[in-house]
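Biologist: I am new to this structure. Please show me how to read a few of its features.

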Amino acid sequence: MTAPIRVVVVDDHPVFRLGMSALLSTLDGIECVGEAATVADALTLVARVRPTVVLMDLHFGQDSGIAATRTLTSDHPEVGVLVVTMLNDDASLVAAMRAGARGYLLKGATAADVERSIRGVASGDLVLGAAVAGRANLLFRSGSAGPAPFPQLTEREREVLDLLARGLPNDGIAQRLGVSPKTVRNNVSTLLVKLRVGTRAEAIALARDEGLGAPLPG
């Protein structure tokens with residue numbers, strides 16, 4: 001017999017964990033082997049039970065699912081991370097995939113979508129839910145249409161600038177990118193020098209002139 005796909009559910013909302021665990025119990029060949037409500041518990045649990053797939057939310061109060069994904073995929077490259085989140089914005093999608101996630105699914109997806117995504121990630125496929133696949137395609141297409149704005153910036157500095165232009169404070173940027181606020185402050189200081197501007201407001205104005213800083217979804 002084929003071994004079941006072993007799944008860990010990581011989310012700080014108990015109702016979501018309960019509902020997802022109940023759903024997984026109805027799927028042939030898929031087994032929920034644990035739940036975690038915090039990033040620390042998730043890292044400990046994954047190391048102990050060695051699942052096939054981790055269903056990962058992105059926000060846990062002060063902790064970041066992006067950082068957790070980066071740690072899990074580094075420490076356990078055989079484990080596939082499928083992000084399941086409410087966040088339907090470009091920055092979260094890009095940050096999750098760069099952190100090593102193999103899939104990105106929005107909460108509210110159908111049971112069939114959840115099952116398909118888990119099986120795909122377990123097989124090593126890259127899986128995007130229908131709600132984000134079209135936007136991901138646009139991201140890749142826009143990226144190949146011409147050079148990125150502000151070529152003097154690194155990719156991370158450009159991400160920080162984009163989030164600045166969206167109106168996020170340093171703490172909000174840090175949480176979305178899965179880095180420390182100090183790292184964001186350093187990135188901001190560096191990009192101000194590279195852009196030859198003296199204030200965040202001037203940097204934001206330049207960014208918006210180049211099409212960065214599209215409003216975050218409400």
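Modeller: Arg17 has 14% relative accessibility, so Arg17 counts as buried (under 20% relative accessible area; exposed is over 50%, partly exposed in between, with a 1.4 Å probe and protein chains only). This is a predicted model, where local features need pLDDT of at least 70, side-chain atom pairs count only at pLDDT 80 or more, and totals for chains, interfaces and linings use all residues. Residues are numbered from 1 along each chain as its sequence is written, and side-chain values use heavy atoms, leaving out hydrogens and water.

Biologist: Where does Arg17 lie, and which residues is Arg17 in contact with, leaving aside neighbours within four places in sequence?

Modeller: Arg17 lies in helix 1, residues 14–24 (helices are DSSP runs of H or I, at least four residues, numbered from the N terminus). Beyond those neighbours, Arg17 is in contact with Val9, Asp11, Asp12, Glu35, Ala36 and Ala37 (heavy atoms within 4.5 Å).

Biologist: How do I read two packed helices?

Modeller: Two packed helices are described by the angle between their axes and the distance between the axes. Here, helix 8 (residues 170–177) and helix 9 (residues 181–195) pack at about 110°, with axes 8 Å apart (axes are lines fitted to C-alpha atoms over the stretch in contact, and angles run from 0 to 180 degrees between N-to-C directions). Helix 8 is therefore roughly perpendicular to helix 9 (65 to 115 degrees).

Biologist: Which residues of helix 8 and helix 9 meet?

Modeller: Asn170, Asp171, Ile173 and Ala174 in helix 8 meet Pro181, Val184, Arg185 and Val188 in helix 9.

Terms used: Helices (H or I, at least four residues) and strands (E, at least two) are DSSP runs, numbered from the N terminus. Angles under 35 degrees count as roughly parallel, over 145 as roughly antiparallel, 65 to 115 as roughly perpendicular and the rest as oblique.
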